[in-house]
Each structure stands twice: as C-alpha cells, then as structure tokens.
Amino acid sequence: MLIQSALVALGGVSLAAAVTPLEVQGKQFVNTKTGNAFQIVGMAYQIGGSSGYDPSHGKDPLSNADICKRDAALMQVLGVNTIRVYNLDPNLNHDECASIFNAAGMYMIIDVNSPLVGESLNSGAPWESYYAAYLNRTFAIVEAFKSYPNTLGFFSGNEVIDSVKTGATVPPYVRAVTRDLKNYIKNHAERAIPVGYSAADVRDVLEDSWNYFQCAIDGDENDMSRADMFALNSYSWCGDSTFEESGYNQLVALFESTSIPIFYSEFGCNTPSPRVFTEISTIYGSQMTGVFSGGVVYEFAQEKNNYGLAECNDDLTVNLLGDYSTLQSEYEKVDFSKVQSIKATGSTITPPVCKSSLIKEKGFNNNFTLPSPPPGAQDIIDNGVSPKPSGKIVDISDWTVTHQVKDADGNAIQNLVVKPLADNAVNIPGTNTGASTTGSNSADSSGNAAPQLAPQGALSAAVIMVPALVALSFTAGFTLI
C-alpha cells in the first residue's frame, strides 16, 4: 500500500487555493459549485489534549503553522476532508493554520466553547453561566473563523445533555446559544455558516435532543433558534461489527426523517484494540449515505484514553501508530470519488413543529419558551464584539514538513509535504502519493505498520501547479459546552 502523502514544495512560491464554502440544503451539506452532496471524512484534532488550549501562554491547536503543516500533510495522506477542533483562543492568529488546511482541501468544524470557567455552559445549572461575557467569547470565536472559506460550521454545545436529568434543564439554553450565534452570524458574516449541536449517543435522550433542536417554533422554518445540523458522538461499532450488531441500523431508522444534516461528530470505539475501523465502508456505503453525512474519527493525537493515530511528541516529532495505516487501508476500500459525486436532492424538508408531544422521554424538557439574551448580549449581537478578532486566507511560502515523522516500525518518512489543491478541490484518499521511508524495517511483516511507503524517491520529485491565491468539552463525555 502506498502512503497517500504530499508533493515537494514549489520552492519559494506562495500558493493558496480555496475550498468552496458549503451550504445546508434540507438534510444535506451541498457544494453549490458542483451541486454535489458532501460527505464528511473527518478527524478530531486537539493537539495536546485539553492542555493544548492554553490562553495564558498563547497556545491552541491552530496557532502553530509548522505543527499544522505536519499534521495536515499526514491527514491529507489519509484522505481526510474535515477537522473538528474543540478548544480555541479567539485572540490568537489562526490565518496560517486555516490556510494550510484550506489548501490541503479540508474544512473545519469549530466548537465555540472550552473547559475553562466562564467559557462554557454549566450543564448542572445552565442559567448561572448564560451571561453576556460568555456569549461575547463565543461570538469572538465566530469573528475569528467566519472569513475562512473552509469553516464548515460551529457547534454551540458538546454532550451537555447526557441524561434525562440534564435533559430537564439544559435544552432551552443550548437552543438559546444557537439562536444567539446564528443572529450574530447573520449580522456580521458575509455568508450563512451552519450552527449545530454535538450530542452524546445516549439513547434515552438522543431522539428527544434531535427533535428539540431541529423543530421549528411556531412552525417557522426560519426560526433562528433552530439548529442547522445535528451530530452525535457514537462508539457503538466496536471491533469487526456489522450494521445491525452495532445499532447503526437503529440510528439510520431514527434519523431517516431528519430535516437537517446528521453526522457522527466522533466515532471509533477502541475496544478491542488495535482498532479495525470496519465501520468505514458502512458509513460511506449505500445503507447510510442517504441519511448520514459522514463522520469524524476520534482522534488524531494520542492521549491517555488511547484513541490516537499518532504520538505527537513534545519535541514536535511524530510517531505514527498502527491504527493510522489500518484507517488508511479502510478508506482506500471506498470509492470516494463516487461518494462525493452524488448530486444533492435539492429538496427542502419541512421540520416538525415544536410542541410538547414531540418529546417522548418523561422528564425531558418539552417547553420551547427560550431564555431571552442576557443583559448586554443583544448589544453585542447588534454591534459586534470589541476588540474584534479577524481571519483571512494567507499565502504559505513553503509546504515542507520540517519535523521528523516515523512510521509504526520506526522508519523515518521522507519527502512529506502538504500538497496544495486546485481551487474548489476537496481532499480524498489518493490525492497525494510520493513519500518514502528509510530504515531497515521498511518491509513490514506484521500487517500493522503505519504507513507502508513507496520505495525511497518514488514520486518524490513530482510537482503540481495550482492557481494562485484567489480573494476569498474536548474529551468525549465532557459535560460542559
């Protein structure tokens, strides 16, 4: 198997192309230039875990261009087209990292909250944390990312509702935050950017959460508190399971009537380990693509919870793990050119009307009267945050990965760079080929190396010309947003 890696950098030439911003049409994400429905082939990306977000030291996962270039190249190799980033500092400059992922053909889904005090809703008492200063920070995240064409959407919450108990009080506040974010985007962004919710796959509250957020108050389809997308963190496919054994069939049946896009915001059960990722062919197969819009693998960087594809070391070197090549192998079994070429239906779906009978679980909130914006918040929604962060796509002068990367056998990977794609292109497996390994162990007999590379020098001198720049609760189960 050839590693799907990157081409050599084009000397000192600065190149940056732009992906096409996606729109929500009914239950699909749609590329309006091609008319095709978009399937998320995603990766959870939070370098350093929760400690990777450190405002006191000016650090977050998208603030170091060299690290982003290293990881974008490795994810481009896999065929990833979307990253989900959990904790970000709106006061830092993210232009280089956003531009790198953009040029690599990858969208970004951004969580607007963080685990720090005052930067999330308290699921135990949401009314205590829903105040103007909190909203100001969420709006600042929007300001920082609204101008990047590869910003796919924002999550207003992550797993805040994880039981009937939290379902009794939290839903109106999450929906209020969604409303406030959408109104802010309407007033201050040049395009509509989807806002949605990332749910825990707790079946007692999953259906009610989805219905609570997708329904239209008073039947108004333009209701600004209505979610534009709904996602779930699901780990029900474990090992070499099946569509039926994993319960994926139940999820497809549940969401079949959805009026908004549905996707996995996290997946990738790690019991047993190593993972086999046999769910990939099902997620992107005919049984699911009519209802689900893909999913996000949890996660790129190895942490104590043992879900990572790569050991990202303090000295900025990387050791790929066996799960990396396993996932790559499963992606290669899917014809993503075909998957991403399915025409959007172009149809709108009338959402259900918000009413108490829509909620089935006793004790889950069935009142759709939402809290008003707290004192001072409406002024920020109307006039914008101050000071106002900003973001723009910038030229990148060198696409070369400078930090050492080794495969699972300890072989050094050579010629690893980001391959800038043409305008409107999206990354798929097979877009990049050409890196190689050095070392005595490059011929793997275990079947678990990551990755298996072409011979030294193969395709390493390939060059591509692309158009010049055109104007264009981190941890699963965390109960705060």
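**View 1. Cys269 and its partner Cys238.** In this predicted model, Cys269 is buried, with a relative accessible area of 11%. Its partner is Cys238, and the two sulfur atoms of this disulfide sit 2.1 Å apart. Cys238 has a relative accessible area of 32%, so this cysteine is partly exposed. The torsion about the S-S bond of Cys238 and Cys269 is about 100°, which means the disulfide is right-handed. Follow the chain and you will see that the pair links distant parts, 31 residues apart: Cys238 is in the loop between β9 and α8 (248-255), and Cys269 is in the loop between β10 (262-267) and α9 (280-283).

**View 2. A disulfide between two helices, Cys68 to Cys97.** Here the S to S distance is 2.1 Å. Cys68 belongs to helix α1 (residues 65-78) and Cys97 to helix α2 (residues 95-103), so look for distant parts of the chain, 29 residues apart. Buried or exposed, what are Cys68 and Cys97? Both are buried. With a torsion of about 95° about the S-S bond, the link of Cys68 and Cys97 is right-handed.

**View 3. Cys215 joined to Cys354.** The sulfur atoms of this disulfide are 1.9 Å apart. Cys215 lies in the loop between α7 (203-214) and β9 (229-233), while Cys354 lies in the loop between α11 (336-339) and α12 (377-383), so the pair ties together parts that are 139 residues apart in sequence. Cys215 counts as buried at 0% relative accessibility, and Cys354 counts as buried at 12%.

**View 4. The disulfides of the whole structure.** How many disulfides does a search of the whole structure find? The search finds three. Counting bonded cysteines along the chain, the pattern is 1-2, 3-6, 4-5.

How values were computed
Residues numbered from 1 in each chain as written. Predicted model: local features only at pLDDT ≥ 70, side-chain atom pairs only at ≥ 80, totals over all residues. Heavy atoms only, no water. Disulfide = S-S within 2.5 Å. Helix = DSSP H or I, 4+ residues; strand = E, 2+ residues; numbered from the N terminus. Buried < 20%, exposed > 50% of the residue type's maximum accessible area, 1.4 Å probe, protein only.
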